[in-house]
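Let's read a protein model step by step. Look at the chain first, then work through the questions below.

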Amino acid sequence: MERNFTNGLIKELRGRSIFLIGMMGSGKSSTGPVLAEILKYKYVDLDVLIEKLTKKTIDKVFSEEGEEYFRDLETQCLQEIIKLPSVVVSTGGGVVLKKENWGILRQGIIVWLDINKEIALNRLNSKDNIRPLLKGNIDVKYEEIFETRKDIYAQADLRVEINNEGVKNVAEKILNTLHKEINN
Ligand code: S3P
């Protein structure tokens with residue numbers, strides 16, 4: 001990516017934070033750090049932050065404290081993160097469920113990583129860190145969750161289609177889409 005392009009984009013962004021949203025397996029956590037590095041932004045992975053705060057895996061937080069507790073923590077973390085400028089945030093796939101969170105996300109730029117379902121399932125099936133919400137028949141669970149969320153994800157400022165590109169390509173796709181959107 002050309003230095004002039006990225007420097008221009010950094011100026012255009014004026015320190016607004018970027019929130020990556022999308023389904024589990026869409027690559028939010030792998031793309032976020034690359035994006036942050038290119039933009040010279042700070043980086044936060046919301047799930048990792050919650051794991052640090054609770055000293056538990058997300059799976060354990062769900063099984064021992066329940067989903068509601070997890071969702072409240074997500075909101076509290078977002079409330080803190082938004083106080084800082086220039087942060088790329090990889091959110092958990094369910095962050096879009098609470099209306100309250102949108103008031104926070106909207107203060108930054110919301111980017112939906114719209115992943116091809118088969119590719120997401122391939123990734124999720126091949127990873128051993130099983131998501132609590134996908135336990136059981138993963139294909140059926142994924143579909144059910146996507147159906148209830150797709151219209152909510154579509155409220156994002158930007159949508160980036162994801163197939164099987166590497167993280168660097170995804171980050172570049174996001175940057176190009178951001179640039180186009182800002183200059184529209
Ligand atoms: C969730 C997605 C997970 C994690 C939790 C709930 C969801 O994060 O926050 O298991 O509701 O979609 P990833 O999207 O990073 O997998």
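Q: What percentage of the residues in the protein chain is buried?
A: This is a predicted model, so the answer rests on computed positions. A residue counts as buried if 20 or more other C-beta atoms lie within 10 Å of its own. Of the 184 residues in the protein chain, the buried share is 30%.

Q: Which radius of gyration does the protein chain have, and why does it agree with a compact globule?
A: The C-alpha trace spans about 50 × 35 × 25 Å along its principal axes. For 184 residues, a compact globule would have a radius of gyration near 16 Å. The chain agrees with that, because its own value is 16 Å.

Q: How many helices and strands are there in the protein chain?
A: Follow the chain along its sequence. The pattern reads α-β-α-β-α-α-α-β-α-β-α-α-β-α. The count is 9 helices and 5 strands.

Q: What share of the contacts between residues at least 6 apart in sequence joins residues at least 24 apart?
A: Take the contacts in the protein chain between residues at least 6 apart in sequence. Then keep those that join residues at least 24 apart. Their share is 76%.

Q: How are the axes of α3 and α5 arranged: roughly parallel or roughly perpendicular?
A: Helix α3 covers residues 46–54 and helix α5 covers residues 67–81. Their axes come within 10 Å and cross at roughly 110°. Angles of 65 to 115 degrees count as roughly perpendicular. Therefore α3 relative to α5 is roughly perpendicular.

Q: Is lysine 40 buried or exposed?
A: Lysine 40 lies in the loop between α2 (28–39) and β2 (42–45). Its phi is positive, about 55°, although it is not a glycine. Most residues other than glycine have a negative phi. Because lysine 40 has 10 C-beta neighbours inside 10 Å, it counts as exposed.

Q: Where is serine 86 found?
A: Serine 86 is not a glycine, yet has a positive phi of about 55°. With 17 C-beta neighbours inside 10 Å, serine 86 counts as partly exposed. Its place is the loop between α5 and β3 (87–90).

Q: How many charged residues does the shell around the ligand have?
A: The residues that surround the ligand include Lys28, Asp47 and Arg131. Among the others are Met24, Ser29 and Gly92. By class, the shell has 4 nonpolar and 4 polar residues, and the charged number is 3.

Technical notes: Residues are numbered from 1 along each chain as its sequence is written. This is a predicted model: local features need pLDDT of at least 70, side-chain atom pairs count only at pLDDT 80 or more; totals for chains, interfaces and linings use all residues. A residue is near a molecule or strand if its C-beta atom, placed from the backbone, lies within 6 Å of it. Ala, Val, Leu, Ile, Met, Phe, Trp, Tyr, Cys and Pro count as nonpolar, Asp, Glu, Lys and Arg as charged, and the others, Gly among them, as polar. Axes are lines fitted to C-alpha atoms, for helices over the stretch in contact, and angles run from 0 to 180 degrees between N-to-C directions. Helices (H or I, at least four residues) and strands (E, at least two) are DSSP runs, numbered from the N terminus. Angles under 35 degrees count as roughly parallel, over 145 as roughly antiparallel, 65 to 115 as roughly perpendicular and the rest as oblique. The radius of gyration is taken over C-alpha atoms; the globule rule is 2.2 Å times the number of residues to the power 0.38. A residue is buried if 20 or more other C-beta atoms lie within 10 Å of its own, exposed if 12 or fewer, and partly exposed in between; C-beta atoms are placed from the backbone. Two residues are in contact if their C-beta atoms, placed from the backbone, lie within 7 Å.
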